[in-house]
Amino acid sequence: MIKSELIDKLAEANPHLYHRDVERVVNTVLDGITDALAAGDRVELRGFGAFSVRCRPARVGRNPRTGESVAVKEKHVPFFKTGKELRERVDESRASVPELTG
Amino acid sequence: MSDKTLTRADLAEAVYQEVGLSRQESADLVQSVLTMVSDTLANGENVKLSSFGSFLLRDKRGRVGRNPKTGVEVPIEERRVLVFKPSQVLKERVDSSLSKD
């Protein structure tokens, strides 16, 4: 499923709303999470999961081709930990839906 | 890193401010978004949200694990897990605002 399909399905389930408003809802949710992470904040959505930022410290890396040492700067990366309920549902889907799609 | 935590209520407030729906409807729609993403994943289907990231399902084989503290071997059964792969856009937003150069 891609973003436009998610918006279409939500719009279908909410026929009293304009399609463009549903689109704005989805984008506002995703932007809200993005802005929080960019500010270094966490986003905790019980049952779904938690987004946070992890700091990878600066290190001395190596060019795998030449073997040369290169300084790699500190880096902040988004991280998602799946919530308990979703983690269990996903694992249970192995039995009912053996083949992954999308 | 700051220690602020956003929740559903904050996202609902953002929807209320941005879209101009009622507070109740804004909160319901935030939940609908999460429910639809969860239901899709629980149906074995990946979810890819451009410029945000992808929620990808992975089937893991069973293996013999080890309690790192005691060294005792424990069987880890085969399972299906969810991983989030942030988009390049999200990675750059986060890194450029938090890492010093």
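Strands are DSSP runs of E of at least two residues and helices runs of H or I of at least four, numbered from the N terminus; two strands count as paired if DSSP finds at least two bridges between them. The model described here is predicted, with local features needing pLDDT of at least 70 and side-chain atom pairs pLDDT 80 or more, while totals for chains, interfaces and linings use all residues. Residues are numbered from 1 along each chain as its sequence is written, and side-chain values use heavy atoms, without hydrogens and water.

In chain B, an open antiparallel sheet of three strands has the order β2-β3-β6. Since β2 (47-49) and β6 (79-86) of chain B are at the edges with a single partner strand each, one side of each is left without a neighbour in the sheet. Three bridges link β2(B) to the antiparallel β3 (residues 53-60) of chain B, and V47(B) lies opposite F55(B) in β3(B).

Turning to the interface, 53 residues from chain A and 57 residues from chain B take part in the contact (heavy atoms within 4.5 Å). The two chains bury about 5,400 Å² between them, 64% of it on carbon and sulfur atoms; this is the accessible area (1.4 Å probe) lost on being put together, summed over both.

Strand pairing also crosses between the chains: two bridges join β1(A) to the parallel β1 (residues 5-6) of chain B, where T5(B) is the bridge partner of R42(A). Three salt bridges span the interface, defined by a Lys or Arg side-chain nitrogen within 4 Å of an Asp or Glu carboxyl oxygen. One of them pairs D35(A) with R93(B), with the closest N and O atoms 3.2 Å apart.

Terms used
Chains are lettered from A and ligands numbered from 1 in the order in which they are written.
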